[in-house]
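Morning, everyone. I have one structure to go through today, so please look at the screen.

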Amino acid sequence: MEQVKDLENTEIPEINFDEFEATCYDQWKEQAIIALKGADFDKSMFTKTYEGITLNPIYLPEDLEKLTHPQTYPAQASNLRGAHASGYISKPWIIAQQCDAKSLAEANAVLKRELLKGTTAVSFVLDTASRKGIDAPEALDVEFADKGVSVSTLADLEVILKDINLVQQDLALYAGASNIALLAAIAAFAEKQGFDTHKLTGAVAADPIGELASSGTLARSLDEYYDEMAHSIAWAEEHAPNLKTVIIDTDVYHNAGGNDVQEIGYAMSTAVTYIKAMLLRGISIEAFCKHVRFHFSIGANFFMEIAKLRSVKMIWSQIVQSFAGSKAAEKIDLFVSTSTFCQTAYDPYVNVLRAATQSFSAVIGGIDGMFIKPFDHVIRPSDEFSRRIARNVQIMLQHEFNLIQPIDPAGGSWYLEPLTNQLTEKAWAKFQELEAQGGILEALQTSKIHSDLTSILADRFKKLAMRSDRAVGNNMYPNMTEVPLTVEPVNYPELKAQRITSLEVNAKNRDNAMAQALLKEISDCDASEVGTLVTLAIKAMLVGATAGELNQALTGSNHKQPTVEAIAAHRWTENYEEMRKRTETFKATTGENYTIFLSNMGPIPQHKARAEFVTSFMQVAAFDVIGNDGFPTVDEAVQAVLASKADATIICSTDATYPDLAPELTRKLKAANSKIKVFLAGAPSKELKELCDAAGMDDYISVRSNCYETLVRMQKERGMF
């Protein structure tokens, strides 16, 4: 007790850091060179990103000296810092977890469950047919209920939204190239439920250029879609001022492998194209900015993705200023999703970790809403468990990690501020390049965008092939005990039959004459009377018209379809997944596999590191690898390899022992069985390679090897394809 009192009375000395000597970059570099043990400093310590930005090994206070944007305040100037002036304290970001159910009733059940457990937006996915404005009877089988639910009528929407209060929740709905039918259905639902559309918040949005880029064609000309866009904005301005009706979605470019510079550049060129089209139709810059939302996917580079979101805000602010928009108009509505491109079908639970880092980047970057894709997103329709994990990541970020407290955690970072500036300059240059070439549409029509995206995608695939980029469970550290996720079969014919029956009932029960009259009026609607089209569509929905009929009325007979080369969606590990699946199929049909025996030489410490390396290397293709604790002599190793009847063997030991072991072991194996493949673990010296080549060595497996090409070649040799 006396000791405690003594401590209370002890004066705490002033803390300072005088005992530490100030260091400079040159001193740090000197120590770094020593630590590299002869490796080239510039090659080892500077990292070039897919955006063409070279990252420094260390950042210092002087890296901020010439930058002005870090001196701004939250929600001021370019709106760079934070999503709002007070951060998320009074208004957390919207948790917009999507429902990908395939039936109306299931969609309703999932939505209610999500909202009960923490989701704060009503968000369901339309199938491809519905996004194209096609009812179930006319829908192609591959486009019906493929990604979500088929919705055609107000009655359908009433099933999905049963017992859901839209006044209390945001909307986060994507309609495709046109949102007239879905927007009208939402408004009609509000009228029947007796609440004012002025209370609607969120988005019921369309993106015709995004749809054109992903599908390659549209049902109508872009001018007609621009007319519809103007109608939706004008209607929302008067009847639903807090509702977004336009979205600029960069997923088509992200999922093609594009880098952040490209995503931002394409998004901003699309935005400018829409702004110009709306100004011609009497929609002001203020009205457009009020009703537009941007959507980006968040990729794997943690700091680059933070910089991307901050950069987007700066560039958007500059563009709005150039159109004489107000400060309020400069405020961007920024929604994000975790990346489909970065998700993997093998070892899918690692997708949870990917989503965690990606969503963390998003929050630090300052967003208005987010959808975290469940870990099984690329494998199957999500189940309750995967949806719960995805939803809870957001809830934990808000309430357990307290990320609603800091306003701009990235502000003032010696690294992130210069990175934001570099990315902004490059993205602005990309945007200017597009505009000089005629804009986003010209770049799509000439396939300039396609070639640029293909170049980046090829680079990503190459780095995965060489394993300089790592996808856990796919090109590195495969889980050979993995049990594939169960994919429940979907009875698509039955689902389609149910939808057709419901539409037949709808046709019998409605006032068909009134419906047809309204559809004729919609078809004849004057595009210059902005806002009237949505009002007519609402009336049509209320009397039982379908989305497909509305689409037909809008299309007419003299439509001109724009056509471009569709931008294909990819995932970064798709080549490795295809390769592994090929082995698994071969094994399932023949009962055989490519078998590799490890010729581990000497005691465990002598061969362990390389044995583990090549085991993981070969298991990436799901090949069978036979290990052991090592052989004391070459003859014993030869006997074991031959007895195993393996297709190949890999010699594993140290550089010091290889000259005495590898050539002899290779010669004896080839003499006994000329068909067996012999590999060496490691990159040999010139002299050793000459000896091994002369003995008949087939290949060398090292960190410099092209993993993907090596394994595909082995599959071909084994007759797997």
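I start with the charges. The protein has 69 positive and 94 negative charges, and their mean positions are 4 Å apart. Here Lys and Arg count as positive, Asp and Glu as negative, and His and the chain ends are left out. A charge is placed at NZ of Lys, CZ of Arg, CG of Asp or CD of Glu.

A word on the source. This is a predicted model, in which local features need pLDDT of at least 70 and side-chain atom pairs count only at pLDDT 80 or more, while totals for chains, interfaces and linings use all residues. Residues are numbered from 1 along each chain as its sequence is written, and side-chain values use heavy atoms, without hydrogens and water.

Now the overall fold. There are 29 helices and 15 strands, taken as DSSP runs numbered from the N terminus: H or I of at least four residues for helices, E of at least two for strands. Of the 721 residues, 54% are buried, meaning under 20% relative accessible area with a 1.4 Å probe, protein chains only.

What does the largest nonpolar core look like? It has 84 residues, and W93, F288, F294 and W316 have the most contacts inside it. Helix α11, residues 260-280, gives the largest share, 11 residues. Such a core is a set of buried Ala, Val, Leu, Ile, Met, Phe, Trp, Tyr and Cys residues joined through side-chain atoms within 4.5 Å.

Beyond neighbours within four places in sequence, F294 is in contact (heavy atoms within 4.5 Å) with residues including I248, A267, W316 and F335. A second, separate core has 55 residues, among them C342, V638, A646 and L661.

Conventions: Buried < 20%, exposed > 50% of the residue type's maximum accessible area, 1.4 Å probe, protein only.
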